[in-house]
Amino acid sequence: MAELDRADAAEAEGGQPLPKGRLERLARKLAFLVREAEETRAMQARMEASGETQVRCR
């Protein structure tokens, strides 16, 4: 998110938009991180519900 915010600020200051490819990579990266966060929260909820203290990661 911070990187996207910096990109927006840089565009506003310099008037130069970032290359489309870079923005697409940032959007994919953000989507990946959002999915990872959702999976982590789901794993935490399962652990709390079951009382387990360890989890096998992939």
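The legends below describe several views of a predicted model, beginning with the whole chain and moving to single residues. Residues are numbered from 1 along each chain as its sequence is written, and side-chain values use heavy atoms, with hydrogens and water left out. Because the model is predicted, local features need pLDDT of at least 70 and side-chain atom pairs count only at pLDDT 80 or more, whereas totals for chains, interfaces and linings use all residues.

**View 1. The whole chain and its dimensions.** The chain has two helices and zero strands, where helices (H or I, at least four residues) and strands (E, at least two) are DSSP runs numbered from the N terminus. Its radius of gyration is 18 Å, while a compact globule of 58 residues would have one near 10 Å; the value is taken over C-alpha atoms, and the globule rule is 2.2 Å times the number of residues to the power 0.38. Along the principal axes, the C-alpha atoms fill a box of roughly 55 × 20 × 10 Å.

**View 2. Burial in the chain.** Of the 58 residues, 5% are buried, a term that means under 20% relative accessible area, with exposed meaning over 50% and partly exposed lying in between (1.4 Å probe, protein chains only).

**View 3. Helix 2 from end to end.** Helix 2 covers residues 20-50, and its 31 residues should span 45 Å at 1.5 Å a residue, which agrees with the 45 Å between its end C-alpha atoms; the expected span is 1.5 Å times one less than the number of residues. After helix 2 comes Gly 51, whose phi is positive, near 80 degrees.

**View 4. Arg 25 in helix 2.** Arg 25 has its place in helix 2 and is partly exposed, because its relative accessible area is 48%. Although Arg 25 and Glu 3 are 22 residues apart along the chain, their C-alpha atoms are separated by 11 Å.

**View 5. Leu 33 in helix 2.** Leu 33 also belongs to helix 2 and counts as partly exposed, because its relative accessibility is 47%. The C-alpha atoms of Leu 33 and Glu 48, which are 15 residues apart along the chain, are separated by 22 Å.
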